[in-house]
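Please walk me through some local features of a protein model. I would like the general idea and then the case at hand.

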Amino acid sequence: MTLTIKEVEHVANLARLDLAEGEAERFKGQIDAILSYVEKLKQLNTDGVEPTSHAIPVNNVFREDNIMQPLGQERALANAPDKADGCFRVPKVVE
Amino acid sequence: MKLYELTIHELHEKLKNKEVSSVEATREVFSRIDAVEDKVRSFVTITRDEALKQAEDADKRIAAGDIRPLTGIPIAVKDIFCTKGIRTTCSSKILETFIPPYDSTVVAKLKEEGAVILGKTNMDEFAMGSSTETSFFGITRNPWDLARVPGGSSGGSASSVAASECIASIGTDTGGSIRQPASCCGIVGLKPTYGRVSRYGMIAFASSLDQGGPMTKDVMDASIMLQAIAGHDRMDSTSVGIAVPDYSKALSGNIKGLRIGLPKEYFIEGMDREVDESVRKAVKDMEKLGAEVVEITLPHTEYAVAVYYLVATAEASSNLARFDGAKYGYRAKNAKDLLDMYKRSRAEGFGSEVKRRIMLGTYALSSGYYDAYYLKAQKARTLIKKDFDDAFKKCDVIVTPTAPTPAFKIGEKTADPLQMYLSDIFTISVNLAGVPAISLPCGFTGSNLPIGLQIIGKGFDEETVLRAAHSYEQATEWHKKRANL
């Protein structure tokens, strides 16, 4: 299994990662090596085996809908890279 | 013996008997940090003023007769645990200036106990690595040999204990990140059962595998620290409500009749000779203490690394989507639109190992590949977990090496990610199965590098793991050796 440069660029776009010059080529080589290693899973018969997402059974956990102390606007914004009028400020989304 | 060399239980005795104060002990630990930190570089952030204030508070508590096992004890915390008001970076540029508005549950519990928090320890960026070389803040060195890595990802937590820059520390383990650095640095590291310790405020890497745990100078300290941090937390719906036992009662020193499983898949061709010999000798020592050795098999071991690097990266790609430069963390300058802000903030904020894993995980989850990679890996995970269920019908604990080699040289594996991944070959299955495991020292190589023994237990049976580890430890001298710095 090997990736094309185009596939690497597609995955980078899905992952919201800008690739620098030559980075697609480098990732391709490294990811190819890892994918060829994980190919060994193909030898394993998993017919009729249920997938495991957690090692312990995880079920929905419910609690009473009580009001808790919220973080508050000031503290929630304290780490904001950019803020204005009590909101997070980001580049314009809608034209 | 210097105060900074003491274990938790030794310093506790001195605090209780008023031989020393927490302020004195904390000052001594800081003078040790001042003396050796330039060589080792265990810490990303040192919180001297806050720690001395906590030590003063601890002394007041002790004077009022309210002393618990961790009251006044100087502890280092991996920089993956959120600390209110104290920068928490995950050793990443993307969180270089992040100051959490709340404490992780583990840190909150340590504070309730009256522990003194010295600072935040270095790690592989977002806990992705086995050498602490992927940290944005630079490498950490192994106190036993400064040309070697401390292991990872909890490398700074391990080196800080081995260099006596703290009395004990806290790490996290997703595929071996407590146990492998503990092995490399000659200390004790315990990964509890998945769900035993709350993950609230512990920055997520792979949510179905991550678990926090103690990194200490001996097994008794590991039991003391586990006691303090274990238990259900309403803020973590995957933490489990099973009652926390009194772990100190587990340290009986008696392993007569304990059945030790030796998995043949873990004693393989090509393993480091000195590691192999030390682990086999340790098994013999445990037999002399009355344990019985049983040969077992974990037949799907050879698939564990492949499963892990699909499951862990898939979960990571999803977890790390939150770092987008919008609400906190690094944001790229002069973005032309929102998408450009996301893509450049992430490209500039993450290091290459983190990006590689996000890419691999995104690929494994992407349309057309999900069944072949992610779903296949989850099915194989079922078989790996079943291996452990079957093995534990024949034995009480499983004993293996923690890592296939002692600490490797700085730079030795950075060019080849797959080789780096294979250094976790003996620790990864444990996370996939969710069971608890400890690493403790079982010898040294000819060039004085520590070797680790791994003892794996049944889910929520940390008591038997601690009992076996403690019995072996007390019959040997390895845990008393300290690195010369």
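This is a predicted model: local features need pLDDT of at least 70, side-chain atom pairs count only at pLDDT 80 or more; totals for chains, interfaces and linings use all residues.

Q: Is B:Thr400 buried or exposed?
A: Buried means under 20% relative accessible area, exposed over 50%, and partly exposed in between (1.4 Å probe, protein chains only). B:Thr400 has a relative accessible area of 0%, so this residue is buried.

Q: Which residues does B:Thr400 touch?
A: Contact means heavy atoms within 4.5 Å. Leaving out residues up to four places away in sequence, B:Thr400 touches B:Pro263, B:Tyr266, B:Phe267, B:Val279, B:Leu453, B:Gln454 and B:Ile456.

Q: How many aromatic pairs are there over all chains?
A: Rings of Phe, Tyr and Trp (its six-membered ring) pair if their centres lie within 6.5 Å; planes under 30 degrees apart count as stacked, over 60 as edge-to-face and the rest as tilted. The count is 17 aromatic pairs over all chains. In one of them, B:Phe126 and B:Phe350 have ring centres 5.8 Å apart and planes at 75°, so the pair is edge-to-face. Both B:Phe126 and B:Phe350 are buried.

Q: Where does the charged end of B:Lys413 sit?
A: A charge sits over a ring if NZ of Lys or CZ of Arg is within 6 Å of the ring centre and within 35 degrees of the ring normal. The charged end of B:Lys413 is over the ring of B:Phe408, 4.6 Å from its centre.

Terms used: Residues are numbered from 1 along each chain as its sequence is written. Chains are lettered from A and ligands numbered from 1 in the order in which they are written. Side-chain values use heavy atoms; hydrogens and water are left out.
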